[in-house]
Amino acid sequence: MLNISKSTLILVVLGLIAPYVLYPVFVMKILCFGLFAMAFNLLLGYVGLLSFGHAAFLGTGGYVTGYLVMETGLSPELGILFGTIAAGLLGAVFGKLAVKREGIYFAMVTLALAQLAFFFFLQAPFTGGEDGMQGIPRGTLFGFIDLNDSLNMYYTVLAVFLFGFWLIKRTIHSPFGQVLKAIRENEPRALSLGYNVNDYKWVAFIISASLAGLAGSTKTLVFQLASLTDAHWHMSGEVVLMTLLGGMGTLFGPLVGAASVVTIQNYLSGGELGNYIHIIMGVIFVVCVLAFRSGIVGEFQKFMKKNFN
Amino acid sequence: MKSIKPQMLASAIGAAISISAANAAGISGDTVKIGVLADMGGVYADICGAGCVTAVEMAVEDFGGSVLGKPIEIVSADDQNKADVGAAIARKWLDTEDVDAITGLVASSVTGAVTEITKEKGKLALISTSASHAFTTKACSPYNAHWTYNVVALANGTVKPMVQSGKKKWFFITADYAFGHALEGVASKVVAENGGEVVGTARAPLGTTDFSSFVLQAQSSGADVVALANAGSDFVNSLQSAVEFGLTETTDVAGLLVFTPNAQALDPEVAGGMRLTTGFYWDLDDQTRAWSKRFKERHGSIPAMGQAGAYSMTTHYLNAIKEAGTDEAEAVMAVMKQNKPNDFFARNAYLRADGRMVHDMYQVRIKNGSERSNPDDIFEVEKVIPGEEAFGPMLDQCNFVASK
């Protein structure tokens, strides 16, 4: 019944042993951003839509979860659930407006809407403005798993991540996913075959936004903090970088990209090169776009195909 | 019960005792590690940044480089003025690198996030440059020590004497985020308490470059004093606009938070004559001059108040470890609160139960160009404000103090 591919199995095993080898919070950060990038990749890689406003969904998930858990004392699983739903609803509104346009206009519409969301979070009284929400309690999952223990938190994040991974994999291999790819390859043709292209795009947008919200909600519990950084357009740019670096339109690419970007940032922020972090990331981006366009995983797949098939 | 042998029980108890003894005394990880977390390359880099690292290094060297026979280590990182970046670094330091205390701490948002983590992990947060008074009131923790200054001291030091001298109508140009709001709130209260009134406020986003519309609002308000509740480049830009529009000719302009590097960067024509409150000035007496000279030799510029504060608090912290015989946070904090810090920076000082370090503040005037004998000669100290007058009484907002 369970049709698990070799690569997925490797991912699960690596995920299970990672906290014993690496610092758990670091791995959790990679998983959260990995999920975020995978959600983004669902749109960019499989429908061909470049959203430049995904930070809004990451931020919404984070803020809603943070607010509910901190102010109303909701349990973490419900907090994550409502954070995800909130991001999905926002995605439904944004998506409805954005899918009417294509290409650069689509990107600009999402960017503009995300900026609206950003300024809402900046000014709204419950978000704490520039300070963000701090000291969000992790709480106990289902009433008996204490998330303050970092291993419990880790395996919760891993479960959330694998759920997101499964959902995305399921989506792109479903008939629905086939239609999405058809839209990516040739939209007029998909339209002429009788598919309501805009509705397909809209549903994909909602799934992507919800998963981005799920990543934001989980991240908020990990770091016990929701801040404007998550909703800022820099974050929307960063997720583009992660996806392109890892390999757009591949299942594992965004995760590899997120892991690379987070590792580079982590490594640089503590060292002498801390001041040049943005320049270095920019150079990497340029090199990636110029030299290996299909990203780390994409190039690897090409290499395997060429030499071992 | 039969299965438990007496020897086993005895050894278990012995082990338990030795573990608790290890917790109660000694140095964790065989080294005292101090983490300096600050903005190293952004808008606040000049007022703490690398200078704070230098100050902490000097404090450690002056202390002899070791305490209780164990070496003292310093690590530092750039928080980029982002709460999440700072929090991630702090968490990593405390979880994996065995850091005992985090100092530096500039932007109030970062400090807020970091102090939540230090509270959770039971490690010390030694705050050198943050302005918000929340860390010793609403968001206080038994692990916080807030040195140098806060918004209350700025308002009491700068606003109060001006209101009392007859400047009753106030207008605020405020940085539109938590720090600006806190500063404006405290300052407005001081204005009202002394019989003045706030005739208007204009909120400018952080990083505004064109202040003309805000200055025009201030000009048409009929205020006696226009107070700038902002800092860093916002302060510099808003003051320059005020001068360009001739606001300074008709009304007083008060800078509520001015650091020496900002004052130094401004043209004396623009800033000369302005009065402000500071926690430290290098040219106060022989002691401050001697230390500042050493600092300048290493760092290249005169110390800002937070940098001098970082030296003072590190020294006090290390002395407390020596006396407590351990680097365990609660024991060290108890000694820090019991012993009065006394050095070139901390005058008539003590660390209050809520973590606020109360010490003498200074009301200074920015010198005009003709009064300056060298580029570092920027302030004239007009008045020493006794600590209790500046920081005010301890408010009943800190839960752990009330519960004791």
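Q: Which residue of β4(B) does Val36(B) stand opposite?
A: Val36(B) stands opposite Thr103(B) in β4(B), in a predicted model where local features need pLDDT of at least 70, side-chain atom pairs count only at pLDDT 80 or more, and totals for chains, interfaces and linings use all residues. Residues are numbered from 1 along each chain as its sequence is written, while chains are lettered from A and ligands numbered from 1 in the order in which they are written.

Q: And how many bridges join β1(B) to β4(B)?
A: Four bridges join β1(B) to strand β4 (residues 101-104) of chain B, and the two run parallel; strands here are DSSP runs of E of at least two residues, helices are runs of H or I of at least four, and both are numbered from the N terminus. Two strands pair if DSSP finds at least two bridges between them.

Q: What about β1(B) and β3(B), in which sense do they pair?
A: β1(B) pairs with strand β3 (residues 70-78) of chain B in the parallel sense, over seven bridges, and Glu73(B) in β3(B) is the bridge partner of Lys33(B).

Q: Is β1(B) buried or exposed?
A: Seven of the seven residues of strand β1 (residues 32-38) of chain B are buried, so it is largely enclosed by the rest of the structure. A residue is buried if 20 or more other C-beta atoms, placed from the backbone, lie within 10 Å of its own, exposed if 12 or fewer, and partly exposed in between. Val32(B), Ile34(B), Val36(B) and Ala38(B) point one way from the strand, Lys33(B), Gly35(B) and Leu37(B) point the other way, and all are buried.

Q: Switching to the sheet with β7(B), what's the strand order?
A: The order is β8-β7-β9-β10 (chain B), an open sheet of four strands with parallel pairing. Its edge strands, each pairing on one side only, are β8 (197-204) and β10 (252-255) of chain B, and the twist from one strand to the next averages 20 degrees.

Q: Which helix packs on that sheet?
A: Helix α6 (residues 178-193) of chain B packs on the sheet and touches β7, β8 and β9 of chain B, with its direction at about 170 degrees to that of β7(B). Axes are lines fitted to C-alpha atoms, for helices over the stretch in contact, and angles run from 0 to 180 degrees between N-to-C directions.

Q: Where are the domains in chain B?
A: Chain B is divided into domain 1 (30-149 + 284-359) and domain 2 (152-278 + 362-389), with bounds that come from an automatic or database domain assignment. Taken over C-alpha atoms, the centres of the two domains of chain B are separated by 27 Å.

Q: How many residues of domain 1 are in contact with domain 2 there?
A: In chain B, 19 residues of domain 1 are in contact with 19 residues of domain 2, where contact requires C-beta atoms, placed from the backbone, within 7 Å.

Q: And between the chains, how many residues of chain A are in contact with chain B?
A: 18 residues of chain A are in contact with 23 residues of chain B.

Q: Where does Thr148(B) sit, and what is its phi?
A: Thr148(B) lies in the loop between β6 (144-146) and α5 (151-164) of chain B, and its phi is near 65 degrees, a positive value in a residue other than glycine. Most residues other than glycine have a negative phi. Thr148(B) is buried, with 28 other C-beta atoms within 10 Å.

Note on methods: Contact = placed C-beta atoms within 7 Å.
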